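Okay, thanks for coming, everyone. I'd like to walk you through one structure today, rings and charges to begin with, then sheets. Let me put it on the screen.

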Amino acid sequence: MASGSTTERAIVVGAGLAALRGAETMREAGFTGPLTIVGAEPYRPYDRPPLSKHVLTGETGPDATTLPSSLRGDVEWRLGSPAERLDRGSRTLHLADGGALPYDRLLIATGTRARAWPNPHEGRLAGVFTLRGRDDAAALRTALAAGPRRVVVIGGGFIGCEVASVCRQLGLPVTLVEPGPTPLARVLGGTVGAFIGAIHEGRGVDLRCGSEVEWLEEANGRFVRAHLTDGTRIDADVAVIALGAVRNTEWLADSGLSADPGGVDCDAAGYVLDADGAADPRIAAAGDVARFPHPLYGGRRVALEHWSQAVAQGIHAGRLLAGAKPEGPYGALPTFWSAQGNVVVKSVGLTEGADALAITHGEPGTGRFLAVYGRAGRCIAAVSVDSARWLPAHAERVAVGAPFPPEGTAADRPAKGITLLTPGFP
């Protein structure tokens with residue numbers, strides 16, 4: 001595919017951050033053909049991180065999260081109707097509203113949706129919420145502003161912990177139920193997760209780890225009580241289901257592409273693979289839905305739900321579809337951040353598979369520290385808790401797979417040096 005002036009038609013499926021950056025990059029890289037952006041929601045691309053923070057507190061309105069864009073009027077927007085089917089034989093995208101769009105170049109950036117409560121009836125009760133999109137945040141904000149007697153958050157991942165934190169900021173009683181040993185145990189391990197849990201408990205969160213909600217009780221169509229598997233009951237007016245995300249790949253079921261609920265598979269360059277493992281040079285993927293071999297982790301296939309990843313991979317995919325030749329395998333260093341209690345957690349790298357943990361700066365007991373994760377004698381990730389100024393140097397170590405434990409001692413801990421711990425993954 002050549003860049004520059006062309007009559008070829010490009011479609012971006014998805015209207016989130018990765019889709020926007022991909023579309024912008026295609027134009028910036030010289031693609032001048034017809035460009036259409038398809039989105040399931042009726043909104044132009046918006047920023048999701050504020051939804052679980054400033055929108056819930058009322059500091060920011062949901063409609064104030066729209067992302068700035070360099071796109072001009074030469075882009076067609078098809079919003080409010082999701083992709084339903086992809087026919088690669090005729091190179092046609094079929095939409096849920098009956099529309100059919102021909103394409104020559106296609107960017108798949110359909111992202112994820114919130115995982116629903118397993119009992120559909122209970123999940124539809126008044127007072128039961130998930131949090132993924134603008135409308136979700138607006139509805140949950142209204143419920144929190146009404147002053148519920150208690151909020152039950154089901155799931156102790158990043159979204160669940162952020163919602164619990166906001167509830168305490170608003171002065172609302174909140175119970176966080178997490179089946180793992182600590183909050184964030186799957187992502188950060190039990191050792192660091194325990195420190196995060198202590199921060200939340202110190203702010204008044206009723207933390208129930210090692211517990212599961214079995215069913216949600218209703219009265220007159222409203223949620224009134226959560227029943228745990230151990231027989232415990234929690235009276236509440238609001239339940240927030242925070243059980244993770246599901247990747248939006250169902251529309252690719254009959255496309256012949258390699259896609260499943262874990263994502264759509266890409267080769268090292270970023271082109272999507274078909275069911276036989278061959279790359280389709282007309283199709284790329286980016287953002288939460290893209291599963292790709294990461295060169296920093298031995299080519300292990302990963303699908304990352306990070307803001308910075310959506311930006312970097314969207315730009316990369318946009319260049320590919322504009323006709324640029326791949327410059328080696330795609331492998332941006334994963335990064336993320338999250339507000340937990342009154343501290344900010346930032347991370348570089350992927351902690352999965354870590355077999356060792358080192359506290360190199362600060363003291364966990366104070367709520368300010370930096371932890372480095374190791375695997376087979378190499379640094380694979382680093383997490384800072386209210387200690388972001390120490391993170392860049394460790395990011396460089398992670399990017400090159402420097403030896404673990406890190407050499408030297410922390411300037412703020414000359415007597416003890418580096419503290420080695422076990423990560424505590426489930």
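So, a rule before the count: two rings of Phe, Tyr or Trp, with Trp taken by its six-membered ring, pair if their centres lie within 6.5 Å. If the planes are under 30 degrees apart the pair counts as stacked, over 60 it's edge-to-face, and the rest are tilted. By that rule we get 5 aromatic pairs here. And keep in mind that this is a predicted model.

Let me show you two of those pairs. One is Tyr 43 with Tyr 46: the centres are 6.3 Å apart and the planes sit at 75 degrees, so we call it edge-to-face. Is Tyr 46 buried or exposed? Its relative accessibility is 6%, so Tyr 46 counts as buried.

As for accessibility, Tyr 373 is at 0%, so that's buried, while Phe 425 comes out at 24%, which makes it partly exposed.

One more charge over a ring before we move on. The charged end of Lys 53 sits over the ring of Trp 337, 4.7 Å from the ring centre.

In which order do the strands of the six-stranded open sheet run? It goes S24-S25-S28-S27-S26-S29, with antiparallel pairing. At the edges we have S24, residues 335-340, and S29, residues 419-421, each of which pairs on one side only. Neighbouring strands are turned by 20 degrees against each other on average, ignoring direction. Then there's helix H6, residues 185-202, packing on this sheet: it touches S24, S25, S26, S27, S28 and S29, and its direction makes about 165 degrees with that of S27.

Now look at S28, residues 378-385. Why call it largely enclosed by the rest of the structure? Because 7 of its 8 residues are buried. On one pairing, S25 (residues 343-349) is joined to S28 by 5 antiparallel bridges, and there Lys 346 has Ser 384 as its bridge partner. On another, S27 (residues 368-375) runs antiparallel to S28 over 7 bridges, with Val 372 opposite Ala 382. S27 and S28 form a hairpin with 2 residues between the strands, and in it Ala 376 takes a positive phi near 50 degrees.

Over at S29, the partner is S26, residues 356-363: 3 bridges, antiparallel. Leu 357 stands opposite Leu 421 in that pairing.

Last stop, another open sheet, this one with 3 strands in the order S4-S5-S6, also paired antiparallel. Its edge strands are S4 (83-87) and S6 (100-102), each pairing on one side only. The twist averages 20 degrees from one strand to the next. S4 and S5 (residues 92-95) pair over 4 bridges, and Leu 86 has Leu 93 in S5 as its bridge partner.

That's my tour, so over to you for questions.

Technical notes:
Residues are numbered from 1 along each chain as its sequence is written. This is a predicted model: local features need pLDDT of at least 70, side-chain atom pairs count only at pLDDT 80 or more; totals for chains, interfaces and linings use all residues. Side-chain values use heavy atoms; hydrogens and water are left out. Buried means under 20% relative accessible area, exposed over 50%, partly exposed in between (1.4 Å probe, protein chains only). Two strands pair if DSSP finds at least two bridges between them. Axes are lines fitted to C-alpha atoms, for helices over the stretch in contact, and angles run from 0 to 180 degrees between N-to-C directions. Contact means heavy atoms within 4.5 Å. A charge sits over a ring if NZ of Lys or CZ of Arg is within 6 Å of the ring centre and within 35 degrees of the ring normal.
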